[in-house]
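The structure is shown first.

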Amino acid sequence: MFRNQYDTDVTTWSPTGRLFQVEYSMEAVKQGSAAIGLRSKTHVVLACVNKANSELSSHQKKIFKVDDHIGVAIAGLTADGRVLSRYMRSEAINHSFTYESPLPVGRLVVQLADKAQVCTQRSWKRPYGVGLLVGGLDESGAHLYYNCPSGNYFEYQAFAIGSRSQAAKTYLERRFENFTNSSREDLIKDALIATRETLQGEKLKSSICTVSVVGVGEPFHILDQETVQQLIDTFELVTEEEPPAPEPAPEPAAADEGGAEQGAGAEQGAAPDEGVAPMDI
Amino acid sequence: MESNQSNLHNSLLASEADSQRTLYPYVTGTSVVAIKYKDGILMASDMGGSYGSTLRYKSVERIKPVGKHSLLGASGEISDFQEILRYLDELILYDNMWDDGNSLGPKEVHSYLTRVMYNRRNKFNPLWNSLILGGVKNGHKYLGMVSMIGVNFEDDHVATGFGNHLARPILRDEWHENLSFEDGVKLLEKCMRVLLYRDRSAINKLQIAKITEEGVTVSQPYSLKTFWGFSAFQNPTVGAEGSW
């Protein structure tokens, strides 16, 4: 009757040392439409792909403002994502009430990760089925974190989650070394290109993506659709002229590092064997 | 029926007796005075602890460092100040335990104290203190006050209790942004001397504390030179009709 003896309960180990329910929840993140984040010294850009559930419905919101200095992009179960962003908002506002100063991003992420971890260790709970890219600005600069249903979290220079995010990751891995000193505009441009990578040939339009920015002197906000369309229009002009020259050049040099990065990334963020179903079917 | 009622009455009385609040302070400290100066904050207070009007204790430290960036001075109920210090020790400990490079600055500590004080007054169980919070973090000087009911503000120079009446007029006349350390100490000593002359709870044993970007130093206790031979001290009530 059961295909897998060890996956009926979150807290049950398999003899090979795995928690299948937790791995399934990480699988839910991969099923969701892509979300992308990248940061420079001063700015963080979060972007996502909006997929409508049916021809007749609108898409769901995937980027949330947590506070003036923190925003989050999600992939996976949107409902779980909303619950977690509400939690983050409440933590942020309580901190600013007590201390009249913004909550450090890293601390919020630790609290969030602890909350997710508890769900992997209680028999009457289930893990959250959502991955969160948390971007924010604090005393120590701009930060980008990825928060996984397993309760793990990692800080990144740039990262992508969700369906076909590997394509975006490949793009980001090729370019991330330049991001630290990127301007706000270049960051948005790279975010849009990375987003386009996940579309597999579908044309990038402002109607199917959302872009948000937070940075020095710029509270977290979601760019409105017209602005995004303008940016897409300008950069698509550029891509037709520009990429053949500069892009292939850094590729061979970066290929090794990219490969290494990718391996590490897979080990940390996603299931160990990406592409292969984590269970025996 | 009647016994029931009296039982009820007793239990009400008992529960009232169970929760005792601070209705008035017992051992109190008098004024604290603090100023911003060129490199940070200077704070002065004497070391007296009065039991009513008896000068009961003579070595009470009423200025304490809080974390790396803040300095707290208190007047009012000494035991309540000690409780506040326990709260702050825990706050700073938990802040350090994050071990992530972030730390609470004077602004954050001041805001936290404001919440604690106002919360306790809302429980009709106030912490009977006036607090002064000063500090420096990331090149920003910070100086503020909180009262026992949660009233709070920032200023370039502040004082609690009698200091509000006797020290601040002097500070308003003589304080300026670029006071050197030496001039700042001189100015505070001038204030403390006036307080010593005119505040009966003040004693001639005080500490001055300094906080800058480099850190906190609280001086050893010392006393001020005084001269009681001024003619105004001979008969202070002359011309003050109705006094005795």
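This is a predicted model: local features need pLDDT of at least 70, side-chain atom pairs count only at pLDDT 80 or more; totals for chains, interfaces and linings use all residues.

Residues are numbered from 1 along each chain as its sequence is written, chains are lettered from A in the order in which they are written, and side-chain values use heavy atoms, with hydrogens and water left out.

Chain A brings 11 residues to the contact and chain B 14 residues, contact meaning heavy atoms within 4.5 Å. About 1200 Å² is buried between chain A and chain B, with 48% from carbon and sulfur atoms; this is the accessible area (1.4 Å probe) lost on being put together, summed over both parts. On the chain A side, A:Tyr99, A:Arg107 and A:Glu139 lose the most area to chain B, together 52% of what that side buries.

Four salt bridges cross the interface of chain A and chain B, each a side-chain nitrogen of Lys or Arg within 4 Å of a carboxyl oxygen of Asp or Glu. One of them joins B:Arg115 to A:Glu100, with the closest N and O atoms 3.3 Å apart.

In chain B, five strands form an open antiparallel sheet in the order β11-β2-β3-β12-β13; strands pair if DSSP finds at least two bridges between them, and a strand is a DSSP run (E) of at least two residues.

| Strand of chain B | Residues |
|---|---|
| β11, edge | 157–159 |
| β13, edge | 215–218 |
| β2 | 32–37 |
| β3 | 40–46 |

Strands β2 and β3 of chain B pair over six bridges, and B:Ile35 has B:Leu42 in β3 as its bridge partner.

Conventions: Buried area is the accessible area (1.4 Å probe) that two parts lose on being put together, summed over both. Helices (H or I, at least four residues) and strands (E, at least two) are DSSP runs, numbered from the N terminus.
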